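Please read the numbered points with the model in view.

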Amino acid sequence: MALNLESCDSLPPDEEPKLKYDRMGNDVENILLKDAVSCICVHTKFICLGTQWGVIHLLDHDGNTVPISPDNNQKDLQAHAIAINKISVDLNGDYIASCSDDGKVVVYGLYSPDNTHNLTLGRVVKSVSLDPYYFKSGSGRRFLTGDNKLTLYEKTFLNRLRSTVLCECEGYVQAIAWHERFVAWASESGVRVYDLSARCSLGLIQWERNPNRSIEDFRCNLLWSAPKTLMIGWVDTIRICVIRKRSHIELQTRDVTEYLVDPVHTFQVDYFISGLGPLDDQLVLLGVPKECDPETGKAQRPVLAVADYKDCEFCEVSNDSLNIIGFQEYSCNDYYLDMLIEENRFFIVSPKEIVIASPYDIDDRVNWLTAHERFEKAISVLEENGGKTSKHSIVTVGVQYLDHLLAERLFDEAAVLCARICKNDKVLWENQIFKFSKMNQLRAISPYVPRNPGQALSPHIYELIFLEYLKEDPQGFLRLVQEWNPALYKTGVIIKAVLDYLLTTEVEKNIYLEALALLYCYQKKYDKALTAYLRLQHKDVFKLITKHNMYSVIYDKILELMSLDCDKAIAILLQDKTKVPVQVVEKQLADHDEYLFKYLDAYSKVEPNGRYHGKLVRLYAKYAREKLLPFLKCSDNYPIQEALDVCQSNEFYPEMVFLLGRIGNTREALQIIIEKLDDINQAIGFCQEHNDKELWTDLIKQTVDKPECVSLLLKRIGNYVDPRMLIENIQPGCEIKDLKDSLAKMMCDYHLQMSVQEACKVITLRNYFDLHEKLIINQQRGISVTDEFLCSVCQGRIIIRDLANASNLIVYNCRHSFHIECLPDGVNNASCSVCSAVKM
């Protein structure tokens, strides 16, 4: 049964307690209904309880009665007539000793009647202590009693009991603590430590006396917390002493004991001490506040404090007030503290109840932390200890934490926690997601749900999330469709939900259509996806077409694609011209000249067959005049007359000039330049390009009456025609600007032209004579005739070594050779018949 605690001011309500408390129940409750505790001794095997009526009860650690006699027939031992002052148990738990004010000392064997004693000393005996090794044969079966002196009893030869007074004391020996060879006891003079092996005192630790209170009125609490460490708690002072062995130098130079007592820590506390003991590196103290309750004037609740003391300072780390039954009527001497040091279990004893205090284990810490809504700390504690205990796990605590966060409507934090605790547990994931679903907060958990198909949850879970986004967050819905693997859910279910929802809403329809298109793609219904994208006017339609090779589907959608993005549409149409024939595109765009123009313009750059150049002329004239003239110049695949008609109807004079020049109507072209374009430089350039004397004559006649044109002609005509043609046509009295300079330029150009012509003539003649001379020399040069030469008619050898059969030869400069008799005309044939036949 848990004990009610009241936290003192030194322990904030939100600080973790160090100890947990349970009232001992079972048989001990029945015992204490009729009797009261006067002392206790806790052993690792059992608990010995001494009562006010002099009875010793043997209990297990849960409070159940254990038979005390070897034959298991006796449940308790009536050892004394009045209250038992002290009980001692040997190390093995075979023997118990008790004493009382009735003057009796009892040593009782739990398993054997051997070595038991029932001594009547005839005086008040306040304390008794068995040798820890009393159970061993050969140990001397020693025990100590304390009244107004300390007496050692031990077995001698023939099993006789011999007593030895170790010390005469002032007052009573009220407490004894025995460990190995050392014994400590308390009397009015203080605490003395004795070495049983050396039979000498190691020192007396005197206690400070207060004129307002006597130390005889307070029980001294002695405890060996370690083999050579003695803890003393008396009145309101704690001393921790260490038994230290002297050095060899000390032993050789002085007549002293081998060991000495060294008090290393001394602390004064705010309580009257009822008991103390170690807790790992800390100290546990049971005490009663010095002051009475100001309201009732009675004693306050006892306190169990845990303190650090290693740094020579007594610093409490926890402080628990215990709600002991009847505490108002008790003093510090009515409480006892015994312990199992190995297990860190403490037994707090009052006359009417026993409370067990033990450190919080992992489960206790987790229980306390979760009860105080400190879930993060609880999870951290579990993580530090492997994530699981016998009662708790990260998952169970995490689920509690998750429920708490949802109750507090902290949905984002709950979602993060859900991912942290669920990990790869599909069932756990689904159970927690349903909690979010009930609160319409699936949007909070959606970023964290497993998306890997190998770890996927039930498709229904993902569909629930989709449906919530569908109604609450259109943009989020689209994002999920884009990001989530379609293998996680049934796309048909989502498509149906979207279509149904589109019938009832007019808000954000475009977003739903885009999501619908993606879902159709996941189903490989690309035609429906294409329709949705076009209805949406979304440019992802082009990616869809190229990715899934949907060229055959778009024949009747070309106009819509061009309207959506002309450049991308053209790129797709020209990407593979065999998939979308140009005839289909032309037919679809026949009534939309601008789109047709853009398409044919791009088409003409990648396909130079010139099939549609005639249409392009008209379309360039309508939409890109600046491209028309370059196009006319670079293409030969358009009807020139049709092109000329288009240019004439639109009065595109530069284009007309080019086309007229192309068909040879240079005089009309020149007239347009002069009359329509009024560009004498272009006119001159046009004449220079065609280099026609009649054209120059027409230019001179049409511009001779314009002085500014005459001046320019004078400067530029000298290189092409005889300047006299111009000068003879200049009207008398015509004022020509810069005439002198123009004439000088003309004459200079003319003389330069004549000089060039003369030089060219000289060079040509020289070349001619040089080549003629070279030809003659080459023709007069002899030709080497070898055995390899054959007659071009009879194919016989030209050179015959038999002079009787030799004949005259003829060899031409072309190196063809003949016998004279093989030629039809003989020697009169002036040219090679073979070469003459080839030329013919």
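1. Which domains does the domain assignment give for the protein chain? The structure is a predicted model, and the assignment gives domain 1, made of 26-227 + 235-276, and domain 2, covering 782-838. Taken over C-alpha atoms, the centres of domain 1 and domain 2 are separated by 155 Å.

2. A patch of negative charge deserves attention on the surface, where Asp-280, Asp-281, Asp-308, Asp-311 and Glu-313 gather. One of these residues, Asp-281, sits in the loop that joins strand 23 (271-279) and strand 24 (282-289). Asp-281 has a relative accessible area of 57% and is therefore classed as exposed, because the cut-off for that class is over 50%.

3. The surface also carries a nonpolar patch, formed by Leu-765, Tyr-768 and Phe-769, whose accessible area together is about 340 Å². Within this group, Tyr-768 belongs to helix 28, which spans residues 739-780. Its relative accessibility is 49%, so Tyr-768 counts as partly exposed.

4. Ser-247 may be examined next. This residue is placed in the loop between strand 21 (237-245) and helix 2 (248-253). Is Ser-247 buried, partly exposed or exposed? With 34% relative accessibility, Ser-247 counts as partly exposed, because that class lies between the cut-offs of 20% and 50%.

Conventions:
Residues are numbered from 1 along each chain as its sequence is written. This is a predicted model: local features need pLDDT of at least 70, side-chain atom pairs count only at pLDDT 80 or more; totals for chains, interfaces and linings use all residues. Side-chain values use heavy atoms; hydrogens and water are left out. Patches are made of residues with over 30% relative accessible area and no salt bridge: like charges are joined within 9 Å, nonpolar side chains (Val, Leu, Ile, Met, Phe, Trp, Tyr) within 5 Å. Accessible areas come from the Shrake-Rupley method with a 1.4 Å probe; for residues, only the protein chains shown count as cover. A salt bridge is a side-chain nitrogen of Lys or Arg within 4 Å of a carboxyl oxygen of Asp or Glu. Lys and Arg count as positive and Asp and Glu as negative; His and the chain ends are not counted. The place of a charge is taken as NZ of Lys, CZ of Arg, CG of Asp or CD of Glu. Helices (H or I, at least four residues) and strands (E, at least two) are DSSP runs, numbered from the N terminus. Buried means under 20% relative accessible area, exposed over 50%, partly exposed in between (1.4 Å probe, protein chains only). Domain bounds come from an automatic or database domain assignment.
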